[in-house]
Amino acid sequence: HTHTHTVSLLSHTHSLTHCHSRPPFLSDTTVFSRVTWNEPGIIMKMLDAGAMGIICPMTNTRADCERFVGACKYPPAPLGYRSMGPVRARLLHPPYASQANAAVLTFAMAETVEALQNIDAMAQTPGLTGIYIGPSDLGTSMGLGPGVDRREPEMLQAFDKVLAACAKANVVAGIHTANADYAKEMVAKGFKLVTAASDFGALSSGLSAVSKALQSE
């Protein structure tokens, strides 16, 4: 039996609403935020709002990862330059300031050919929790087109390369998936962080099921 921990991921990267208008981080699960970009201001704002994990898109180099991790860590941590002001986080997670550097999780996204080329150096970034694969952008970058739950040999080889780099650096490997069955396959493959559904996907499939049930009467 494998121990699991459920997280709620608020993805601002392709959201139709502004990150400032998303619901507050009140949940019985750990809340992650996938930010819009590797931009320190928005990363710090999501952390100050109470996110305990940040997934950062389009990180392609060790320097990108260092910039990202630094925005999540208070000095004097290595690389850390986060500004002190956890207005809401200190209410949700007391005592916050003393534990934040150790508690906040940081995942850099690997979703380009360039990232694959630099994956070993990226995974070894001090303070980085792990690497999280964005299969749709990665497939696009590789000339295979967008999509999730990939089975192309080239994509599976890319997944293996990320898994190997994470194992070597002793960090967590993660991947975005679209359904529970494929997510279980990825867990068996060695990924420790998987997303198994989205609000849009769950809503769409639920409405589709209701529509089909009504039409069958």
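This is a predicted model: local features need pLDDT of at least 70, side-chain atom pairs count only at pLDDT 80 or more; totals for chains, interfaces and linings use all residues.
Let's start with Asp 149, which counts as buried, at 18% relative accessibility. Where does Asp 149 sit? You'll find Asp 149 in the loop between helix 7, residues 135-141, and helix 8. There is something else to notice about its backbone: Asp 149 is not a glycine, yet its phi is positive, about 55°. Most residues other than glycine have a negative phi.

Is Leu 79 buried or partly exposed? Its relative accessible area is 33%, so Leu 79 is partly exposed.

Stay in that loop for a moment, please. The loop between helix 2 and helix 3 also holds Pro 76. The peptide bond from Pro 75 to Pro 76 is cis, with omega near 10°. Now move along to the loop between helix 3 and helix 4, where Pro 95 is found. Pro 94 and Pro 95 are joined by a cis peptide bond as well, and there omega is about -10°. As a reminder, most peptide bonds are trans.

Time to zoom out. How many helices and strands does the protein have? There are ten helices and seven strands. Of the 217 residues, 41% count as buried. If you take the contacts with a separation of 6 or more, 53% of them come from residues 24 or more positions apart.

Next, please find helix 1, residues 40-49. Seven of its ten residues are buried, so helix 1 is largely enclosed by the rest of the structure. Which residues are they? The buried ones are Pro 40, Ile 42, Ile 43, Met 44, Met 46, Leu 47 and Asp 48. And what covers them? The cover includes strand 2 at 30-34, strand 3 at 53-56, helix 2, helix 3 at 89-92 and helix 4 at 96-103.

Let's look at one of those neighbours, helix 2, residues 62-72. The axes of helix 1 and helix 2 come within 9 Å and cross at roughly 35°. Their crossing is right-handed. On the helix 1 side, Pro 40, Ile 43, Met 44 and Leu 47 take part, and they meet Arg 67, Phe 68, Ala 71 and Cys 72 in helix 2. Sorted by type, the residues of this contact are seven nonpolar, no polar and one charged.

Leaving out residues up to four places away in sequence, Phe 68 touches Asn 38, Ile 43, Ile 54, Cys 56, Thr 106, Phe 107, Ala 108 and Leu 128. In soluble globular proteins, nonpolar side chains tend to be buried together. Here, the largest nonpolar core has 44 residues, and those that touch the most other members are Ile 43, Ile 54, Phe 68, Tyr 96, Ile 131, Phe 159 and Phe 191. Which element gives the most to this core? That is helix 8, with seven residues. Apart from this core lies another one, of six residues, including Ile 55, Phe 107, Met 109 and Tyr 132.

So, on to helix 8, residues 153-169. Helix 8 packs against helix 9, residues 180-189, at an angle of about 45°, with the axes 11 Å apart. The two helices are therefore oblique to each other. Helix 8 passes helix 9 in a right-handed crossing. Leu 156, Phe 159, Asp 160 and Leu 163 of helix 8 make the contact with Tyr 182, Met 186 and Lys 189 of helix 9. That contact divides into five nonpolar residues, no polar ones and two charged ones.

My last stop is Gly 190, in the loop between helix 9 and strand 7, which covers 193-195. Gly 190 has a relative accessible area of 27%, so this glycine is partly exposed. Along the chain, Gly 190 and Gly 174 are 16 residues apart, and their C-alpha atoms are separated by 8.9 Å.

Notes:
Residues are numbered from 1 along each chain as its sequence is written. Side-chain values use heavy atoms; hydrogens and water are left out. Axes are lines fitted to C-alpha atoms, for helices over the stretch in contact, and angles run from 0 to 180 degrees between N-to-C directions. Helices (H or I, at least four residues) and strands (E, at least two) are DSSP runs, numbered from the N terminus. Angles under 35 degrees count as roughly parallel, over 145 as roughly antiparallel, 65 to 115 as roughly perpendicular and the rest as oblique. A crossing is left-handed if the near helix is turned anticlockwise from the far one by less than a right angle, and right-handed if clockwise. Contact means heavy atoms within 4.5 Å. Ala, Val, Leu, Ile, Met, Phe, Trp, Tyr, Cys and Pro count as nonpolar, Asp, Glu, Lys and Arg as charged, and the others, Gly among them, as polar. A nonpolar core is a set of buried Ala, Val, Leu, Ile, Met, Phe, Trp, Tyr and Cys residues joined through side-chain atoms within 4.5 Å. Buried means under 20% relative accessible area, exposed over 50%, partly exposed in between (1.4 Å probe, protein chains only).
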